[in-house]
Amino acid sequence: MAAFRSEFQPRSDDIPLTSFPKTGATWLMALCHNILHLEEDDNILTKMKPHDVVPALDVVYLADQVQHALLDSGRTTGRLLHTHLPYSCLSEAVRNSGCKFVHLARNPKDMLVSMWHFYNKIVKLNPTMPSASFPMEGAVESFCSGVLPFGPFYEHVVGYWEESKKRPDKVLFLKYEELRRDPKEQVRKLASFLGKLFSTTTAADGDDDDEVVVEKVLWRSSFGRLKELEVNKNGVLEIGKVPNVHFFRKGTVRDWNNYLTPQMAERIDQLTQLKLQGIGLSL
Ligand code: A3P
């Protein structure tokens, strides 16, 4: 992280996408890429996983040799980049860069269940790790104690929420659940924030119907489509070599209901209420 903070030089037209792990970064990356590059017939996301198209700064700067080449991915302007770092941990250079940030938040119980599945899959890739699954009780305990990668969760989300209130023209705060509930409206909001006005010239086929363009962005970014692509079924991440398939599990809302006991859910709900009270944010 120190290398990212000290070495990364943002450009004012960079677009950092930010999220706590397992809140839907993959979806956000695909949506932003497809909004900005819809006119490209050759949709790169059919050949590359969203994380390889939108470089994760945390990972690029963690690699033994910083892979600067990945940062450009052929784009000289409007680079989409991603980080899990909390706002308070970003360097002054990034915070003062004038960049537009897009943050995606998610219900903490769904995030935790998603993270639990993800870590139980990736520990199995490491032969030195125990083969038994990490218990959900332990995951809930870690979450409530604030001990998670890039955590604590609440401070992370509140940091971006407050910044979005202070600078709404520079920080857009989205929620996974709202994207699921009203995807067209949310995509229009995202596109307008990114300065992309859908018009006749946006659609490669010349279709001037804004509705059709929004539907095309959503379809190209959809869970069902991405999950079935060969690259996401059988590919592995460029850095870290995590199988891409692990980033596409269920893609639903309230899956926590199938994994958390009522006591676990109640404990997290109480903490959420406590941590978010009085700031106008509900998750
Ligand atoms: P679930 O484990 O609940 O299914 P991240 O991308 O931040 O790692 O988050 C992963 C979560 O986003 C997983 O949630 C994954 O299935 C979901 N996801 C990935 N791609 C998605 C998409 N295109 N649409 C909706 N959800 C998606």
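Reply: Helices (H or I, at least four residues) and strands (E, at least two) are DSSP runs, numbered from the N terminus. The model is predicted: local features need pLDDT of at least 70, side-chain atom pairs count only at pLDDT 80 or more, and totals for chains, interfaces and linings use all residues. Residues are numbered from 1 along each chain as its sequence is written, and side-chain values use heavy atoms, with hydrogens and water left out.

Me: What is the radius of gyration of the protein?

Reply: The protein has 15 helices and four strands. The globule rule, 2.2 Å times the number of residues to the power 0.38, gives 19 Å for 283 residues, and the protein is close to this, so it is as compact as a globular protein of that length. The radius of gyration, taken over C-alpha atoms, is 19 Å.

Me: Of contacts between residues at least 6 apart in sequence, what percentage joins residues at least 24 apart?

Reply: The C-alpha atoms fill a box of roughly 55 × 45 × 40 Å along the principal axes, and 50% of the 283 residues are buried (under 20% relative accessible area; exposed is over 50% and partly exposed in between, with a 1.4 Å probe and protein chains only). A contact means heavy atoms within 4.5 Å. Among contacts between residues at least 6 apart in sequence, the share that joins residues at least 24 apart is 76%.

Me: Is the crossing of α2 and α11 left-handed or right-handed?

Reply: Two packed helices are described by the angle between their axes and the distance between the axes. Helices α2 (residues 25-36) and α11 (residues 183-193) have axes 10 Å apart at about 60°, where axes are lines fitted to C-alpha atoms, for helices over the stretch in contact, and angles run from 0 to 180 degrees between N-to-C directions. This makes α2 oblique to α11, given that under 35 degrees is roughly parallel, over 145 roughly antiparallel, 65 to 115 roughly perpendicular and the rest oblique. A crossing is left-handed if the near helix is turned anticlockwise from the far one by less than a right angle and right-handed if clockwise; that of α2 past α11 is right-handed.

Me: Are α8 and α15 oblique or roughly parallel to each other?

Reply: The axes of helix α8 (residues 136-145) and α15 lie 11 Å apart at an angle of about 10°. Met136, Glu137, Val140, Glu141, Phe143 and Cys144 of α8 meet Met264, Arg267, Ile268 and Leu271 of α15, a set with seven nonpolar, no polar and three charged residues. The two helices, α8 and α15, are therefore roughly parallel.

Me: How many charged residues are in the contact of α7 with α15?

Reply: Helix α7 (residues 108-122) and α15 have axes that come within 10 Å and cross at roughly 125°, and they are therefore oblique to each other. Pro108, Lys109 and Leu112 of α7 make the contact with Ala265, Ile268, Asp269 and Thr272 of α15. Four of the residues in the contact of α7 with α15 are nonpolar and one is polar, while the charged ones number two.

Me: What is the C-alpha to C-alpha distance between Asp255 and Val113?

Reply: Asp255 sits in the loop between α14 (230-234) and α15 (262-276) and counts as buried because its relative accessibility is 4%. Beyond residues up to four places away in sequence, Asp255 touches Asp110, Val113, Arg249 and Lys250. Asp255 and Val113 are 142 residues apart in sequence, and their C-alpha atoms are apart by 7.6 Å.

Me: Is Lys22 buried or exposed?

Reply: Most residues other than glycine have a negative phi, and most peptide bonds are trans. Lys22, in the loop between β1 (15-19) and α2, has a positive phi near 65°. Its relative accessibility is 17%, so Lys22 counts as buried.

Me: Which residue is joined to Gly151 by a cis peptide bond?

Reply: The residue lies in the loop between α8 and α9 (153-166). Omega of the bond is about 0°, and the partner of Gly151 is Pro152.

Terms used. Ala, Val, Leu, Ile, Met, Phe, Trp, Tyr, Cys and Pro count as nonpolar, Asp, Glu, Lys and Arg as charged, and the others, Gly among them, as polar.
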